[in-house]
Each structure stands twice: as C-alpha cells, then as structure tokens.
Amino acid sequence: MKKITVVSLASFLFLTLCSTVAYLLRWALCEEVTSLILGLVILALSGVLAIIAKERVWLNLLCFLLSSVAMGVLIRAWYITRGFDNSYVTMLAVSLCTVAYLWVFFAVSRIPLFRRSRKAYIIYAVLFAALSGIGYLVVMLNTKTTFVSTFGYYMILELAFIFAMSLEVENKRQLLRNLTLSTYSVFAVAVGVIVAIVLALVCGEGGDCDCDCDGDCCECADACGGCDCDLGSSDYKKKKNK
C-alpha cells in the first residue's frame, strides 16, 4: 500500500474518531474546564505510552487512538467555550475536507521539480503551511460560521501528518511510529482551547452554566451539577455575550 494511501486512511480514521467522540460527549460533558482537564489527562497518558512504545505496532496504535479521543474531548471543550453545536454530518464533512487538503498537498508535490529536489520540496512544504495559515485567518476573520475553527484545528493535525509522510522510512512500522508522534500536535489544539477558556473566564463569560434548559445538554444536567445548556441556540450565545 502506498504511503499516501496509508497516511490518508490514518488521518481520516483519526479525525472521524475525534469527531465522533466530540459529538457523543455533548450528552455527557457541558463544562469546559472539566472537558479540558479530561482531554489533557488522556493526551498525557498517550504521551507516556508513546515513550515506551518505540516501534511496537499495537502500542503505537493504542497511542494513536488515545490521541484521537483526547482531541475529541478538547474539541468538545472548545465547543462549550464558544457556544458551538455542530451536527455530526457537519463534523464528518469537515474531516473529509481536511483529508482532501492532504491530497492537494500530495498532488502538487508530484510536480517533477519537487520530486527531484529535496530542497525544492522543503520550500514547497513550508510555503504550503504558511499559505494555509494565511488563508485560514482570512476566512476566519471574514466569515461567521461554527465549523471554520474546527477545520483550523484539524488542519494543524493534517500538517503534522504531512510532515510524517515526508520523512524517509524503511518500513510500515517506522511510518506508523511517525504518524503516532505526529498526533501530539494535538497539544497545539490544547493550547488554543486553554487560551479561549482563560479569555472567557477573564471576560466574565466562563462562570457557572446558568442558561435555559431547552437543549441537548439538559440530559447531562445531573452530571454537571444542574447545568442546562443549549449550546447551539442564539439565546445561549446572546447570554454569553452579556
């Protein structure tokens, strides 16, 4: 199986599992700090296992899956903080678009100049990442959607997968190891979530959850100490802005 096929399947699996976890947790978690801590604990556990995994296939697969779960929990924390409530179909669509983003990189990298010259390939990869970041900022600053930030976080992961794909490997074990290590770009997502939560708390927006009980989060009211949130409603967002 070609390297690009392996990396594409791995990235789609990672993002699909992440999206599934984030979506399912809307019925279990509705407090951002709790979600953040849980995500960091799972990610730290994955990191500890990765240190001892080396090229053991089953341990690397476990670390890969744990990092994906951690990412899903962190995305859930982000959604709570920002008041987002994307549908599962939307999240899967974002996952597919992000894998397509990987294929765009790969397609352009097939140009003979980049295939023959390692230096040209590196320059291309750096420019691709830089232009991706600029393009994302332009879109984010000029649109009001609930899924662009998700694509941005997923794009960070995909850039890490691109890096793993670009490294020379002798066998599939080494490729799996590189993919596993690339998943720890999730720490960058964690930093973004931490900053968002801190800003929300400083601005007085991150206190107790006291919104109306008319949304999905009502089902987790007992677990959250009586918090009842409708994260996708305009009323909720208006209250957070007050």
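I began with helix 1, which has 22 residues and reaches 31 Å from its first C-alpha to its last, close to the 32 Å expected at 1.5 Å a residue (the expected span is 1.5 Å times one less than the number of residues; helices are DSSP runs of H or I, at least four residues, numbered from the N terminus). The model is predicted, and I took local features at pLDDT of at least 70 and side-chain atom pairs at pLDDT 80 or more, with all residues used in totals for chains, interfaces and linings. Residues are numbered from 1 along each chain as its sequence is written, and side-chain values use heavy atoms, without hydrogens and water.

I listed the buried residues of helix 1, among them Ile 4, Val 7, Phe 14 and Ala 22 (buried is under 20% relative accessible area with a 1.4 Å probe, protein chains only). I found that they pack against helix 3 (57-82), helix 4, helix 7, helix 8 (172-182) and helix 9 (186-202) (contact is heavy atoms within 4.5 Å).

I then searched the whole structure for aromatic pairs and got 16 (ring centres of Phe, Tyr and Trp, the last by its six-membered ring, within 6.5 Å; planes under 30 degrees apart are stacked, over 60 edge-to-face, the rest tilted). Phe 14 and Phe 161 have ring centres 5.8 Å apart and planes at 80°, so I logged the pair as edge-to-face. Phe 14 lies in helix 1 and Phe 161 in helix 7 (residues 148-166), so the pair ties together parts 147 residues apart in sequence.

I logged Tyr 101 and Phe 128 as tilted because their centres are 5.1 Å apart and their planes at 35°. Both are buried.

Technical notes
Helix = DSSP H or I, 4+ residues; strand = E, 2+ residues; numbered from the N terminus. Buried < 20%, exposed > 50% of the residue type's maximum accessible area, 1.4 Å probe, protein only.
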